[in-house]
Structures are given as C-alpha cells and as structure tokens.
Amino acid sequence: MKTVTNKQKRLSKATIDHANHVAIVAIAEANGIALVQQSNGYWRGVEHDSLVINDKKNLFRWNSRDVGGGALDFVQHYLGISSFREAVAYLNHAALERAETITHKVREPFQYNFKNSPNFEQATKYLTTVRKLDPQIVDLLHRKGFIQQDEHGNAIFVWSRNDKIVGATVQGTRIDHEHLGKRGTFKQIAKSSQENFGFNLSLGKPERLLMFEAPIDALSYWSLHRGLNHVTLMSMDGLKPNTVKQGLIYFCEKTGHAPSEIAFGVDNDPSGHVFYDQMRAEHALTSVPYTSLIPADQAIPHECLAPVVSAAKQAAIPTVALMAYLKVVVNLQPGHGMANGYHYQDALTKGSFADLPEFAKQLKPYLQPNGLDWQAYFKQQAPDLTIANRNNLITRITEVAQRYQKGDFQVVRDVPKDWNDRLQIHERSKSKGLTLDQKIAAAKERAVTANLRIAPKHHDQALER
C-alpha cells in the first residue's frame, strides 16, 4: 500500500477558506509592499501602480499582468509562492489580520510587546551561520539593543528614532519550507510600527544615506565592507519612496545637514530596477545625488551571453547595443517582467531568449553609421511613451552600452540577487580559498580566454564569442 505523506493529504475547505480570508492589505504590509490608500476602500501599489486592492471585498487586480483574485491568488502571483499548497500553508501560518477585521482605524502608537529572551543563541546562529552576517557585527548590535531575540526564537530588528523605539522587523529563524514556501522563514513588520520608517543605524559622522530593502541586506553590505564609516544605513522593508523621504528627513534632523548622496542597495531584480529608475526620474532632489548600490549590477549571466551574441550576429547589429537594451528593459531576464521605471514594455517582458533573433531583426532598420538610432526606434515602436521616459530609456541604454564597450562587466554563472546573496557567494568563495573579487576576476579571465570579450565590430564594439 502506498504511504500518503503530509504533503499529499487533501487540503480541507476550512483551511483554504481561512487562507483566502487573510486581508490582502495586511499581506502587502507584512511583506514591505508599499500601498497608497485611495477613496472608497481602494489601495494602489507604489512600486506597481497598476496593482489595485479593494479591501472591502478583499480582492486585487494587477492590471499590467492581467491577473487578480483573492488572498491566495495574491500570494501566488505577487509574492511568487507559486504552489497552491505552499500558498495555503503560508497564509495559515502567518499571524496576519483577517479581511473582516481590518479597518481604516487610526494607527496606535507603537508598543514594544516582544518578550526578549535572555538567550540570543538561536538568532545568532541563524544570522551568522545561515545568513553569514559578520559575527562581530551581530554581537555588537545585540549588545547595543539593535537586535533582540524574542521568546519564540525570532530575531527582532528594533527601529529607533531619536533614541525611542518606534517599530520593529520580525525575522523568523527556523527554516520551514512546508509552511512558508520557498522563502522558508517568517518575516513581517510589527503591528503599529511607525509608517514610512525602518530599521536604521549610523556609523561615525554620517555623510551618506544608504537605503536597503531589508535589515539583513543592510547588514550584509556592512559585513562585506568592514571599513564602512560615516554613513547611515536604513531598511525600507520593501520598496517605499516615502521611507526614503522620511529617512532623508531623519538624517537631516540627526546630523544638521543633508547627505552628500542617497545610495540605493536594492535588489538586482526587475522590481529593484523599476524602483531605482522611478526614484531618480520622479523623486530625485536637485541638491542630493541618487546613486546605485545595486549588487552585481555589472554581471552578465553566462546563459545570457551566447543567445545575445548569436541574435546580434544574425541581424548584423552591434552586440553591445542589444545586450544594453536587454539589460535596461528586462535586466537580462526575458520573461521576468519590466525592469525599468519608464513604463516601457515589449515582447521580451513576457518572452524568452528564443525571441531574441526576431527582436534583433526589428532593430536592424534603425542601424546608422554611428550606431542604433534609439530615438527613431522608440518613436516608432512605442509612440505612447512620454518624451521624458523615452529620453531616460535612451540615456540608460547608452550608458550601459558604453560601460560594456569599455569592458566594465563580468560574465558569471551565479548572479547575486541581493546583498545577502552576494555575501553568501563571498563566504563560499573564501571557503574555497578565493575572495569574491578573485572569483569575479577568475570568471572574467575565463571569459576572455574563451574569446567572450570586447572586440571591434563595424559600427561599434561588440561582445564576441
């Protein structure tokens, strides 16, 4: 007789109903998804303004992706927990408000109600062994009260503003893929945490403000740059323009001056690039430069190189131009959605590398003696783009192409998505006797010896195989 495992057991109707009655607004808030409240119970996404949530009916619609539905659909389509069983388990495990209880109540002042454990071992083990954070940094922040462990073993990242606790990020330390899907650990923003704020700390006399998506990303960056000084590190717990604004205000309050720059260490994925582009295009300040700290942004995935080189060669267009276009529009990941903040999508947004040859042929008519005429291309192919968005796209593609042309790239097999990924790669490289920089240099050298290099080619310089 075949044994029926827990994973094979039929999900009960009550379990599924409970999952679907979790408030979508609460799911979004717990996962750092920035929303703007509109009239009549509607909320709109900040990162993706085509995301609309009706909190009265507990339904959402993501118009740009043509998907919608209830809480389970939201978890599957927006959070990326694609398995229905894993989505049900996640919503039954997470301590989130139900749709019928969420109201437009006035936010109460934050109360630190966690019971701190006198034992910090579980949080330490998770942060240093699993996430590879520098043990000295973790120990220092625990002694200073920035990180605590509660009675359940969760790591609590304490938000402080002017020496007052105003919120917290709760990070689970037990790996539980059965209940929490691919992410494996529980994570949420503590109830009533100050809006548009986050975990932060300052080193030395801050001159720069560095923004990250999560506390662990910020501490991963510090772990990789142990000489870091004169900066404020701040987590947005997501991608939140208003947290950047409040972070800037707080920086000025503490230091008495504006930062010399605001650097964004957001994820190297489509959402991170959309956010960074939009911050520069729609929220930038004339007096404070916005710069990128996106990890491994110069990396080219090994599997991407051959299809691009082949498609460009078939169409007789500069490989550098095609690679730069692909980087700006879909972050070298066809089929993973729009990766620019200029509201531009094309067939590659939902396509694959198999679509590259046909797309490259479409570029051929716009090839001029000095390169591709991007103005003419976008005017013809995307007439609804605003002039500002069109010019921003062209500027970005030109910048990236120039960078590639100078050899400022690395061909690698594993592209880190965030700063913790980069830290993990660094630590694995150390265990093999190589530093991360040495590994990147070795990968680049292997690419060169395999003739994957920059070489002259007709109208431009091209990545040649």
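**A tour of the predicted model**

Start with the aromatic rings: the whole structure holds 24 aromatic pairs, a pair being two rings of Phe, Tyr or Trp (its six-membered ring) with centres within 6.5 Å. Planes under 30 degrees apart count as stacked, over 60 as edge-to-face and the rest as tilted.

Select Phe 212 and Tyr 221. They form a tilted pair, 5.6 Å centre to centre with 45° between the planes. Both Phe 212 and Tyr 221 are buried (under 20% relative accessible area; exposed is over 50%, partly exposed in between; 1.4 Å probe, protein chains only).

This is a predicted model, in which local features need pLDDT of at least 70 and side-chain atom pairs count only at pLDDT 80 or more, while totals for chains, interfaces and linings use all residues. Residues are numbered from 1 along each chain as its sequence is written, and side-chain values use heavy atoms, with hydrogens and water left out.

Next, select Tyr 325, Tyr 344, Phe 359, Tyr 366, Trp 374, Tyr 377 and Phe 378, which form one aromatic cluster.

Now the nonpolar cores (sets of buried Ala, Val, Leu, Ile, Met, Phe, Trp, Tyr and Cys residues joined through side-chain atoms within 4.5 Å). The largest has 50 residues, and Leu 127, Leu 219, Trp 222, Leu 233, Ile 262 and Phe 264 touch the most other members. Helix α8, residues 215-224, gives the most to this core, with five residues. Helices (H or I, at least four residues) and strands (E, at least two) are DSSP runs numbered from the N terminus; the protein has 18 helices and 20 strands.

Centre on Leu 127. Beyond its neighbours within four places in sequence, Leu 127 is in contact (heavy atoms within 4.5 Å) with Lys 132, Leu 133, Val 138, Ile 147, Ala 155, Phe 157 and Ile 216. A second, separate core of 43 residues includes Leu 305, Leu 348, Leu 356 and Tyr 377.

Move to Val 320 in helix α12, residues 319-330. Val 320 is buried, with a relative accessible area of 0%. Its C-alpha is 8.8 Å from that of Val 309, 11 residues away in sequence.

Finally, colour by pLDDT, the predictor's confidence in each residue from 0 to 100. The protein averages 85, and 85% of the residues score at least 70. Over residues 1-7 pLDDT stays under 50, and the model has six contacts for them beyond four places in sequence. Residues 445-465 also stay under 50, with 44 such contacts. Where pLDDT is low, the predicted coordinates should not be read in detail.
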